[in-house]
Amino acid sequence: MFLQNVDRSMHVASEQTALLQGTLDLLILKSLALEQMHGLGIARRVEQITGGTFQVKPGSLFPALHRMEEEGWVTSSWGESENNRRAKYYRITKMGRRQLESETERWSRISLAISQALASS
C-alpha cells in the first residue's frame, strides 16, 4: 500500500509542467496587463489563463516579482486585499508593457517554429 502511494505521487509530480526560462515573467506581465494585483491574485490569474497548466508557487513568484521590480517592469505599493488584509500590489509599467510585447512576439516565433518542427516528417 505504501508503494502505491509513492507511485501515485511520483506520477502526479511528473505530470506537472515546468516553466521554461522566461515564461514566468511573460505570464506575470500578462496577468498584470489589465489591472494591478497582489501576489496571490497573480498566481490565481496565471493558473486561470493557462487553463490550470501552470501553478506558480510563492517560492518562484515572489523572487520573480522582486527581480521584475528591479528591472523596472513592475512597481509595487501596499494596499488592502479583498479579505481586509495588508497586501503588496503589483502594477505593470510602460517598460513592462514593452517587455510583454517583446516577449509575446518572441514566444510566438518559438511556438510556430516548434509546431513546424513537430509537424515535419
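The following questions and answers test the labels given to parts of this predicted model against their cut-offs.

Q: What makes D25 count as buried?
A: The relative accessible area of D25 is 11%. Buried means under 20%, so D25 is buried.

Q: Where is D25, and which residues is D25 in contact with, leaving aside neighbours within four places in sequence?
A: D25 is found in helix α2, residues 23-32. With those neighbours set aside, D25 is in contact with A64, R67, M68 and W73.

Q: Why is the pair of D25 and R67 called a salt bridge?
A: The N to O distance between the two side chains is 2.8 Å. The cut-off is 4 Å between a side-chain nitrogen of Lys or Arg and a carboxyl oxygen of Asp or Glu, so D25 and R67 meet in a salt bridge. This pair links distant parts of the chain, with D25 in helix α2 and R67 in helix α4, 42 residues apart.

Q: Is R67 buried, partly exposed or exposed, and what makes it so?
A: R67 has 35% relative accessibility.

Q: What makes helix α2 largely enclosed by the rest of the structure?
A: Nine of the ten residues of α2 are buried, so the helix is largely enclosed. The buried residues are T23, L24, D25, L26, L27, I28, L29, S31 and L32. What covers them includes β1, α3, α4, β2, β3 and α5.

Q: Which residues of helix α3 are buried, and what do they pack against?
A: In α3, residues 39-49, the buried residues are G39, G41, I42, A43 and V46. They pack against α2, β1, α4 and β3. Just after α3, G51 takes a positive phi of about 60°.

Q: Why is the pair of R44 and E82 counted as a salt bridge?
A: The N to O distance is 3.9 Å. The cut-off is within 4 Å, so R44 and E82 meet in a salt bridge. R44 lies in helix α3 and E82 in the loop between β2 and β3, so the pair ties together parts that are 38 residues apart in sequence. E82 has 54% relative accessibility and counts as exposed, the threshold being over 50%.

Q: What makes R106 and E103 a salt bridge, and where do they lie?
A: Their closest N and O atoms are 3.4 Å apart. The limit is 4 Å, so R106 forms a salt bridge with E103. Both residues lie in helix α5, three residues apart, about one turn of the helix. E103, at 12% relative accessibility, counts as buried, whereas R106 is partly exposed at 30%.

Q: How do you know that the charged end of R86 sits over the ring of W78?
A: The charged end of R86 is 4.2 Å from the centre of the W78 ring. The distance limit is 6 Å, and the charge must also be within 35 degrees of the ring normal. R86 is listed as sitting over the ring.

Q: What makes the phi of N84 worth noting?
A: Most residues other than glycine have a negative phi. N84 has a positive phi of about 60° although it is not a glycine. N84 is in the loop between β2 and β3. At 60% relative accessibility N84 counts as exposed, since exposed means over 50%.

Q: Why is T93 called buried, and what does T93 touch?
A: T93 has a relative accessible area of 16%. The limit is under 20%, so T93 is buried. T93 is found in the loop between β3 and α5. Not counting residues up to four places away in sequence, T93 touches G72, W73, V74 and T75. A polar atom of the T93 side chain also lies 3.0 Å from the backbone nitrogen of G96.

Methods. Residues are numbered from 1 along each chain as its sequence is written. This is a predicted model: local features need pLDDT of at least 70, side-chain atom pairs count only at pLDDT 80 or more; totals for chains, interfaces and linings use all residues. Side-chain values use heavy atoms; hydrogens and water are left out. Helices (H or I, at least four residues) and strands (E, at least two) are DSSP runs, numbered from the N terminus. Buried means under 20% relative accessible area, exposed over 50%, partly exposed in between (1.4 Å probe, protein chains only). Contact means heavy atoms within 4.5 Å. A polar contact is a pair of N or O atoms within 3.5 Å; within protein, one must be able to donate a hydrogen and the other to accept it, and residues adjacent in sequence count only if both atoms are side-chain atoms.
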